[in-house]
Amino acid sequence: MTLDPVHVDDIARLASHLAGTMDDTDHDDVARTVWEQWLDPLRPASGGLPVLEPLGEQRLSAADIDDVALAEPPFPTVHGLDSGTINPTTFKNGLVLDVAHAAMAADPSDLDLHRARSIVMTAHTRDPTVTIGDDEWRKSDQGYGRRRVIRAPRVSRYAEGVVHALSLYLAESAHALEHADEVSDLLFLDGPLYPKELLNWRDRDAELRDLTREAQPKAIVENYIRLVEQFVERGVPIAGFVKNPSAKHIVNTVERHFSESGGKVPWIDDIAFFIQLLEQRTGPDLDNRRTDQLTFTNWFISRGGSDRQVSADGDAFDIERNLDPEEYTVTFFALYDPRTDVGYRVEAPYAVTKNPEVREKLTLQAVRDVAANRGPPTAIEKADELARVSVGEKTALRRKLAEEMSSEAQYTYDDHRWTGDE
């Protein structure tokens with residue numbers, strides 16, 4: 001049964017009631033106050049090192065979409081990297097599995113590179129007698145592909161999240177290291193520069209914190225550290241293009257300051273704050289969004305949230321770092337596309353962005369590509385297409401895994417309700 005018009009009207013009235021109880025007329029003023037008074041630098045309410053500070057001049061900028069889309073790209077070639085998974089699957093024999101599949105793409109295209117894949121299966125079981133794990137990569141597809149299976153650390157909760165994170169980040173980081181020498185100008189990771197989900201385990205409950213001492217999570221974080229080192233040593237920029245930013249350390253820190261005077265921060269996360277700043281309104285009542293310009297911030301140095309782990313103030317899971325620890329620190333800028341009403345975050349290590357010329361080139365590349373594509377850079381879109389596992393492929397792979405293990409996937413009612421799997 002679908003909603004009847006009367007039900008739709010009821011829901012609309014509820015929304016209208018909520019809207020009548022909220023006053024967002026001062027949100028622009030709060031955003032401007034935070035921008036002008038709190039970010040240079042932004043320190044924790046308890047004091048200490050800044051969690052955020054501008055890199056270079058703090059400013060808001062705009063670029064005409066038609067003009068910047070036609071600008072000469074500052075990097076002759078751009079590579080993109082992504083990893084997709086089948087999503088965690090629990091089987092009746094007690095195994096919890098996820099499989100990740102990583103690919104690198106090039107713009108302009110490189111078909112041999114596009115063919116290369118790294119596949120990682122991560123398995124979790126509570127049965128200590130089951131033998132899982134293979135420290136060696138095994139080749140396939142005439143050497144273009146390689147695969148590996150690893151055993152997840154034993155947990156009583158979070159098994160699905162653990163196998164997902166380990167598969168995804170190991171496939172991505174290992175594939176990037178394997179093909180790093182093929183990147184000559186710029187590498188964009190599809191997502192953050194570092195494995196934020198793993199880094200966040202340090203700030204979660206005791207069971208996840210304990211996992212950060214285990215060999216596999218540490219080895220994966222080390223891959224990203226070595227990846228940054230390799231690109232820095234070669235003088236090739238590396239950056240992360242975050243399509244769905246979720247960081248909250250700016251708004252959380254500002255709210256702790258504001259709470260002392262009874263003030264409130266209206267944004268759910270940092271990108272919502274930046275969109276409030278970057279959105280341009282026109283008309284007598286400012287009720288029309290201007291859509292002919294992309295807007296963006298300057299670069300910032302970030303030491304808040306999971307970014308703290310890889311800053312000079314963090315220990316990076318106790319991994320030895322061969323560069324000055326400050327060189328690994330996350331820097332970023334926020335970019336807003338009014339045509340889609342979407343905000344992005346572009347990240348790079350301080351070792352790359354401390355050079356103003358490189359910083360400007362990275363900014364121009366990202367802004368140009370978003371203007372031209374109405375979305376992420378071409379190299380990112382290509383990598384996403386190569387690495388993505390479709391819904392139909394996920395279903396077929398789960399069935400194939402079940403056959404190979406002589407077991408069945410353990411489904412819930414909602415699995416059948418929402419996916420239609422038999």
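Biologist: By class, what residues make up the lining of the largest cavity?

Modeller: The model is predicted, to begin with. The lining has 6 nonpolar and 2 charged residues, and no polar ones. Pro-245, Ala-247, Ile-271, Phe-274, Phe-332 and Ala-334 line the cavity, as do Asp-270 and Arg-345. Asp and Arg count as charged.

Biologist: What makes this space a cavity?

Modeller: A 1.4 Å probe fits there but cannot get out, so the term is cavity. The structure holds 1 cavity of 30 Å³ or more. About 50 Å³ of space lies in the largest cavity.

Biologist: Which element gives the most to that lining?

Modeller: α10 does, with 3 residues. Both α10 (270-278) and β13 (330-337) supply at least two residues each.

Biologist: α10 also packs against α9. Why is α9 called roughly perpendicular to α10?

Modeller: Helix α9 (residues 249-259) and α10 pack at an angle of about 85°. Angles of 65 to 115 degrees count as roughly perpendicular. Therefore α9 is roughly perpendicular to α10. Their axes are 6 Å apart.

Biologist: Which residues meet there?

Modeller: His-249, Ile-250 and Val-251 in α9 meet Asp-270, Phe-273 and Phe-274 in α10. By class, that contact divides into 4 nonpolar, 1 polar and 1 charged. Asp-270 and Phe-274 also line the largest cavity.

Biologist: What makes α5 roughly parallel to α8?

Modeller: Helix α5 (residues 159-178) and helix α8 (residues 215-234) pack at an angle of about 30°. The roughly parallel class takes angles under 35 degrees. So α5 is roughly parallel to α8. Their axes lie 9 Å apart.

Biologist: Is the crossing of α5 and α8 left-handed or right-handed?

Modeller: Left-handed. The contact has 10 nonpolar, 3 polar and 2 charged residues. Among those meeting are Leu-166, Tyr-169 and Leu-170 in α5, and Ile-220, Tyr-224 and Leu-227 in α8.

Biologist: Now the backbone. Which peptide bond has omega near -5°?

Modeller: The one from Asp-40 to Pro-41, which is cis. Pro-41 sits in the loop between α2 (27-37) and β1 (52-64). The bond from Asp-107 to Pro-108 is also cis, with omega near 0°. Pro-108 belongs to the loop between β4 (96-107) and α4 (111-115).

Biologist: What is the phi of Asp-141?

Modeller: Positive, about 50°, although Asp-141 is not a glycine. Asp-141 is in the loop between β6 (138-140) and β7 (145-151).

Key
Residues numbered from 1 in each chain as written. Predicted model: local features only at pLDDT ≥ 70, side-chain atom pairs only at ≥ 80, totals over all residues. Heavy atoms only, no water. Axes fitted to C-alpha atoms, helices over the stretch in contact; angles between N-to-C directions. Helix = DSSP H or I, 4+ residues; strand = E, 2+ residues; numbered from the N terminus. Parallel < 35°, antiparallel > 145°, perpendicular 65-115°, else oblique. Left-handed = near helix turned anticlockwise from the far one by under 90°. Contact = heavy atoms within 4.5 Å. 1 Å grid on protein atoms, 1.4 Å probe; cavity = no way out; pocket = protein on both sides within 12 Å on 5 of 7 lines; lining within 4 Å. Points joined across faces, edges and corners; volume = space filled by probe spheres on them.
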